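Colleague: Hi! Could you walk me through this model?

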Amino acid sequence: MPATLEAGTIDGYCVGEPWNQQAVFKGIGVPVITDYQLWKNNPEKVFGITAEFAEENPNTTLAVVKALIRAAIWLDENDNANRMEAVEMLSKPEYVGADAKVIANSMTGTPMPLKTAAWFHGSPTL
């Protein structure tokens, strides 16, 4: 999405992180509103499977759900101490592949202030 915005093909988009922060870092856009402002503590990312898959693969289903819970606990341990390690993992090309600084902004709760970000063409200034 950031590349499409930068190319001028679109004037804006609605997406989850880290793509909002990617536009901020590139200086081509800013979040107009956050999902937290729309729905406090919403489930931004979800893991979904069909009932058929769960019935046919109960052990796999249980193992994946347990792994997701363990990962969430690990991320939040010791006042979020593991988040930067997660950022480094996620920034690898075989995972999200976005710049680690961009991912860190959304993973650590320290997004770039809007006043330092550039608005995309034609937008009002701050």
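Modeller: Happy to; we can go from the overall fold to the packing details. Keep in mind that this is a predicted model.

Colleague: Okay, how many helices and strands are there in the protein?

Modeller: The protein has 7 helices and 0 strands. Along the sequence the pattern reads α-α-α-α-α-α-α.

Colleague: And what percentage of the residues is buried?

Modeller: Of the 126 residues, 22% are buried. The exposed surface comes to about 8,900 Å², with 59% of it supplied by carbon and sulfur atoms.

Colleague: Which residues make up the largest nonpolar core?

Modeller: That core has 7 residues: Leu75, Ala86, Val87, Ala98, Ile103, Ala104 and Met107.

Colleague: What is Ile103 in contact with, leaving aside neighbours within four places in sequence?

Modeller: Ile103 is in contact with Pro18, Val87, Leu90, Ser91, Val96 and Ala98.

Colleague: Switching to helix pairs, at what angle do H5 and H6 pack?

Modeller: About 140°, and their axes are 8 Å apart. H5 covers residues 58-80 and H6 covers residues 83-90.

Colleague: Which residues make that contact?

Modeller: From H5 you have Trp74, Leu75, Asp76 and Asn80, and from H6 there are Arg83, Glu85, Ala86 and Met89. By class, that is 4 nonpolar, 1 polar and 3 charged residues. Leu75 and Ala86 also belong to the largest nonpolar core.

Colleague: Last one: what share of the contacts between residues at least 6 apart in sequence joins residues at least 24 apart?

Modeller: That share is 42%.

Key
Residues numbered from 1 in each chain as written. Predicted model: local features only at pLDDT ≥ 70, side-chain atom pairs only at ≥ 80, totals over all residues. Heavy atoms only, no water. Axes fitted to C-alpha atoms, helices over the stretch in contact; angles between N-to-C directions. Helix = DSSP H or I, 4+ residues; strand = E, 2+ residues; numbered from the N terminus. Contact = heavy atoms within 4.5 Å. Nonpolar A, V, L, I, M, F, W, Y, C, P; charged D, E, K, R; others polar. Core = buried A, V, L, I, M, F, W, Y, C linked by side-chain atoms within 4.5 Å. Buried < 20%, exposed > 50% of the residue type's maximum accessible area, 1.4 Å probe, protein only. Areas by Shrake-Rupley, 256 points an atom, 1.4 Å probe, with all protein chains shown as cover.
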